[in-house]
Amino acid sequence: FASIWWVMVPIYVARTAFINCTYPLQESILMDVLPKGTRARWKSLDSVSQFGWCGSAFLGGWWSDRHGYMHTFLLTVALQAVSLLMYTPLLAMLPRHEHRFERKPSSGAMAR
């Protein structure tokens, strides 16, 4: 595959972009649904959960050494399929339209 790097590089970049593009969307959904008073707590929990990437890299390396790369990729596909099945019903809970909040003028500006 090294001789067709010009095919593999765009595929890899596209794959990485599609995998990582969900984080801003997930963050936006999380902040829209949570009450203002609990957003910091859930954001900190979300930040801690990102440390799971370190553990998953270790486990993926161990798994691929023990069972081979094919099993590692199959396990990844299975986990992503399960997360898709769990995540998709949550999208139905989101509001269809964004509510626009208008600022109320301050009392000093309206006093004139």
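In helix H4, Gly60, Trp63, Ser64 and His67 meet Tyr69, His71, Thr72 and Leu75 of helix H5; contact here means heavy atoms within 4.5 Å. The model is a predicted one, in which local features need pLDDT of at least 70 and side-chain atom pairs count only at pLDDT 80 or more, while totals for chains, interfaces and linings use all residues. Residues are numbered from 1 along each chain as its sequence is written, and side-chain values use heavy atoms, with hydrogens and water left out.

The two helices H4 and H5 pack at an angle of about 135°, and their axes lie 7 Å apart. Axes are lines fitted to C-alpha atoms, for helices over the stretch in contact, and angles between N-to-C directions run from 0 to 180 degrees. H4 is therefore oblique to H5 (under 35 degrees is roughly parallel, over 145 roughly antiparallel, 65 to 115 roughly perpendicular, and the rest oblique). The residues of this H4 and H5 contact comprise 3 nonpolar, 5 polar and no charged. In this classing, Ala, Val, Leu, Ile, Met, Phe, Trp, Tyr, Cys and Pro are nonpolar, Asp, Glu, Lys and Arg are charged, and the others, Gly among them, are polar.

Serine 64 belongs to H4. Leaving aside neighbours within four places in sequence, serine 64 is in contact with Tyr69 and Thr72. Serine 64 counts as buried because its relative accessibility is 10% (buried is under 20% relative accessible area, exposed over 50%, partly exposed in between, with a 1.4 Å probe and protein chains only). Of the 112 residues in the chain, 6% are buried.

The chain as a whole has 6 helices and 0 strands, and from the N terminus on its elements run α-α-α-α-α-α. Both kinds of element are DSSP runs numbered from the N terminus: helices are H or I with at least four residues, strands E with at least two.

Another helix pair is H1 and H2, which pack at an angle of about 5° with axes 5 Å apart. H1 and H2 are therefore roughly parallel to each other. Phe18, Ile19 and Asn20 of H1 meet Thr22, Tyr23 and Pro24 of H2. By class, the residues of the contact of H1 with H2 are 4 nonpolar, 2 polar and no charged.

The largest pocket holds about 2,000 Å³ of space. A pocket is an open set of points on a 1 Å grid over the protein atoms alone, where a 1.4 Å probe fits, with protein on both sides within 12 Å along at least five of seven lines; lining residues have an atom within 4 Å of a point. Grid points are joined across faces, edges and corners, and the volume is the space filled by probe spheres set on them. There are 41 lining residues in the largest pocket, and Tyr23, Gln26, Trp53, Gln80 and Ser83 are the closest to its centre. The elements giving two or more residues to this lining are H1 (5-20), H2 (22-33), H3 (39-49), H4 (52-67) and H5 (69-91). H5 supplies the largest share, 13 residues. The lining has 23 nonpolar, 14 polar and 4 charged residues.

Methionine 93 sits in the loop between H5 and helix H6 (107-110). Methionine 93 counts as exposed because its relative accessibility is 64%. Methionine 93 and valine 33 are 60 residues apart in sequence, and 9.3 Å apart in space from C-alpha to C-alpha.
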